[in-house]
Amino acid sequence: MVDVLSDEIARFVRAVGPEPDETLREMDDYAEREGFPHVGPEVGAFLRFVARMADAERIFEFGSGYGYSAYWMAAALPDDGEIVLTEVDEDELELAREYMGRGGYNDLARYEPGDAMETIEAYDGPFDVVLIDHQKHRYADAFEAVRSKVPVGGVVIADNAITAGPIDFEALLTIAEGGAPDDVNQHTRGIADYLERVTDDPDFETIVLPLGEGIAVSYRVG
């Protein structure tokens with residue numbers, strides 16, 4: 001995998017950013033101990049920052065794992081806000097419920113076991129912030145499923161926009177620059193297709209930020 005940030009820069013970003021609370025530190029320890037891929041405190045803090053800037057009242061996650069990103073963002077919601085967590089692994093979702101409860105966020109959270117693509121069909125918008133962090137080859141489909149439910153001023157964020165275990169960054173870069181590499185795996189192709197889809201959408205303005213493993217941030221302008 002390509003290094004998105006050097007260790008020193010990552011430490012600097014973490015040091016300057018907001019301090020995780022005790023529960024988040026426990027969640028970071030869990031990720032390190034279990035080898036669980038989570039967005040980490042740099043991206044978590046950014047997600048919460050975006051939710052605050054968007055005055056988010058409702059948030060939807062495609063893939064929530066054990067609730068790490070949801071925990072960060074829930075702090076930005078009003079008392080009558082809502083965050084929908086989706087996860088195919090019910091044990092992970094139960095762990096998310098436990099952690100969210102420790103933070104006092106269970107009244108805001110909706111826990112939806114199963115396929116996020118089916119769950120989103122059961123929810124009406126608007127969603128002010130959407131996080132896409134599930135199977136990479138389904139990112140573009142997730143965007144299609146939720147884009148009409150994101151209002152002007154809303155934000156769609158996709159994790160792993162630069163790298164992750166199976167993503168071939170050199171192939172991704174070649175595609176982004178207009179090339180056509182051979183033997184692209186479905187994970188890399190999924191990210192490339194997603195980035196092409198959101199950058200071609202005239203209703204969204206998209207940038208990629210080098211935080212964590214790369215995040216694509218798409219702001220609805222029209």
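Two strands pair if DSSP finds at least two bridges between them. Helices (H or I, at least four residues) and strands (E, at least two) are themselves DSSP runs, numbered from the N terminus. With that in hand, welcome to a predicted model, in which local features need pLDDT of at least 70, side-chain atom pairs count only at pLDDT 80 or more, and totals for chains, interfaces and linings use all residues. Residues are numbered from 1 along each chain as its sequence is written, and side-chain values use heavy atoms, leaving out hydrogens and water.

**The sheet**

- Seven strands form an open sheet with mixed pairing, in the order β3-β2-β1-β4-β5-β7-β6.
- β3 (109-113) and β6 (204-209) stand at the edges with a single partner strand each, so one side of each has no neighbour in the sheet.
- Neighbouring strands here are turned by 15° against each other on average, direction ignored.
- As background, strands of a sheet pair through backbone hydrogen bonds, either parallel or antiparallel.

**Strand β4 and its partners**

- β4 (residues 129-132) and β5 (residues 155-159) pair in the parallel sense over four bridges.
- Within that pair, V130 has V156 in β5 as its bridge partner, and V129 stands opposite V155 in β5.
- β1 and β4 also pair in the parallel sense over four bridges, with E61 opposite L131 in β4.
- V129 and L131 point one way from β4, while V130 and I132 point the other way, and all are buried (under 20% relative accessible area; exposed is over 50%, partly exposed in between, with a 1.4 Å probe and protein chains only).

**Helix α7 and the crossover**

- α7 (residues 139-146) packs on the sheet and touches β1 (58-62), β4, β5 and β6 (contact means heavy atoms within 4.5 Å).
- The direction of α7 makes about 160° with that of β4 (axes are lines fitted to C-alpha atoms, for helices over the stretch in contact, and angles run from 0 to 180 degrees between N-to-C directions).
- From β4 the chain crosses through α7 to β5 in a right-handed β-α-β crossover: with the strands pointing away from the viewer, the path from the first strand over the helix to the second runs clockwise.

**Helix α8**

- In α8 (residues 169-176), A171, L172 and I175 are buried.
- These three cover an arc of only 100° around the axis, which puts them on the same side of α8 (the arc is that of the directions from the helix axis to the C-beta atoms).
- E170 and A176, on the other side of α8, are exposed.
- The cover over the buried residues of α8 includes α9 (186-200).
- After α8 comes G178, whose phi is positive, near 95°.
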